[in-house]
Amino acid sequence: MAVGNSASLLLGLLVLVHTWGAWAAVDVNMEDRVEVFRGDTAQIACMFTSVDGIGGVTIMWFYMLQKGERQQIYFQDSTMKITKQGTPYSDRISVNGTGANGVVVLTINDVQLRDEVEFICLIKSLTDGTGEGRTKLRVFATPDLPTIEAVETAFSVHDLKPAKIGVCEVTNGYPKPNITWYRENTPLRNDHGVSVVSVITSEYSGLFSVKSEVRMMVTKEDKDAKFYCEVNYFVPGGTRMTETNRINITVYYPSTAVKVWVESPKGKIKEGDSIELQCHGDGNSPSSVLTITHDGGLEETLDDNRLVLSNVTRLNSGVYHCNSLDLESDKEITGNTTVFVNYLDPAVVIPHDTVVIQGEELVATCNALSSPLTHTVVWFKDGREISRGHTLKLKDTTFSTAGTYVCVVTVAEIEGMETSGTLRVTVKGQPKIIRPDNTDIEESFEKSVNLNCMVRGFPVPSITWTTSDGQVLKTVSQEETEDSVKSVVSVKVMSDITAVCNASNEYGTETLTFSIKATILTTTQASTTASTISSNTEVPKKLKKEGSGVIIAVIIICILLLAILGSVLYFLYKKGKICGRSGKQDLSKEKSSKDNIVVEMKSDNTEEAILLGVNGEKQPPSDQ
């Protein structure tokens, strides 16, 4: 009975305490939540009001388990501070403050994702009762930079199903990041042919990875569009955003317009040029086929959007059609361009070859059929310009007028466009001898001289050579052109002679006379013989030598014979075989001019006659 009464008393006390605590509670204030990055330090403040001092207050910290139960991690009163062991926070928490000022702070180091729980601060006061506050700890992890990958396959506007454009992915974020697709600056939603599918993956670490792909029906306008992803993720106190790189996609679409043009040459086209035609549509579908047709029957399929026509003529002028046929839609688009090939026919000269009589006037025309272009006509002779215009007038024609005239027709506005024609003019008239500078000729005896006679005239004159005594000379050579002739004769000079060149045709005759004077070599010999034989030599007189080689040879032989004869006479004289000389007889004193023997020596090199006396004395000029 006593035990039962004791239990009833204890229960009554507990009810009384509970009732008192409910009636008298400590006022505790805490933040609703505290946000930190993973790995950082979190501080949770607990503020309370109590009339009791530090000795009358008990402080306890708890965190909520997933089951909804409390787990105590810290205890503090006036006598002790205890961190409960065996919890995830045993070695990572600390509490600052004694509560004397009504504030205690729970510090958690190296916050991890599992720390995202609710923490409870419980305050017990002897007089004020019990009070508690709660704070939710929020943990954040910044995700890695997002990536985007475009689908390499090209898309066609004719595709019947939405095509996968690309994939965006962001990894290792907490809480879960959000991905939004953009085309240019417009977000893509799940409507109007667009499908966005995202897959969320929870990693072993507790972090989240998100992969998102977009599918859509492509149009021609998507060919230049830029696609990208925007990633939004949470951070303490707010959100942040990052974007991926821009990608574009390849879209095939048929042409809606076709253009064809002449790529080269630039400017006007002339016959003989090579033309390059370019044909392009505003589409890019590989199923499109380009062909070029021409009114003249040409039809070419283009492989590289170009057609080259080589060495074009005026027949290549006309309209060229470029046709683009899309094989998927079976639609055909056509573009046109007009090509005009300028032409310039060979020049026509009238008359082409003509013969005029000397003194008459010649009129010739030059024309060339051409496309409507401005052209000029210039006449040349021997490379020299002589006239401009279609008509050439030659007045008072002479033999100098004869020759070949070239008419050149040029189109200045097109480089290299020109043609030409020729006019050969022959002038009829009596022969006209082209006189040389000198017709009086001197030549050595028995030598030959060549005489030239150059005659102009048409018909070509005939030439004969005669001498003043009626002898006909034989022509050595004769060269003829259309209106001139050159005749050459060779005359051997045996005496003075007159040679005549006779030129004649049906219009008259003309002559040219050459006077040839023969020159003969003459030799001057000694006129007197010295009377005294002398051993001295005398310098001979220099004589003029003119004549042939035969005369000179004869003179040299005579001189040599005289020298030999003088030597013999001198030898006999010394021996006393002549003039009755004895051994002691001195004939040197006798100087009779009758007894002197004179020897003439002549050298063909010095042309000097040397007169020697037998006694070697040099004879004075009066004795020679």
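This is a predicted model: local features need pLDDT of at least 70, side-chain atom pairs count only at pLDDT 80 or more; totals for chains, interfaces and linings use all residues.
Two strands count as paired if DSSP finds at least two bridges between them.

**Entry 1: strand β37.** I looked up the pairing of β37 with strand β39 (residues 448-458) and found four bridges, with the two strands running antiparallel. Within this pair, Lys432 has Arg456 in β39 as its bridge partner. I next examined strand β36 (residues 403-410), which also pairs with β37 in the antiparallel sense, over eight bridges. There I noted Val408, whose bridge partner in β37 is Ser420. Strand β31 (residues 353-357) pairs with β37 (residues 418-434) in the parallel sense, and I recorded five bridges. Asp353 stands opposite Arg424 of β37.

**Entry 2: Arg314.** I located Arg314 in the loop between β26 (306-309) and β27 (318-326). Setting aside neighbours within four places in sequence, I listed its contacts as Glu271, Val341, Tyr343 and Asp345. With Glu271, the side chain of Arg314 forms a polar contact of 2.9 Å. I also checked Asn342: this residue is 28 residues from Arg314 along the chain, and their C-alpha atoms are separated by 6.6 Å.

**Entry 3: Thr293.** Beyond neighbours within four places in sequence, I recorded contacts of Thr293 with Leu298, Glu299, Val319, Tyr320, His321 and Asn323.

Note on methods: Residues are numbered from 1 along each chain as its sequence is written. Side-chain values use heavy atoms; hydrogens and water are left out. Contact means heavy atoms within 4.5 Å. A polar contact is a pair of N or O atoms within 3.5 Å; within protein, one must be able to donate a hydrogen and the other to accept it, and residues adjacent in sequence count only if both atoms are side-chain atoms.
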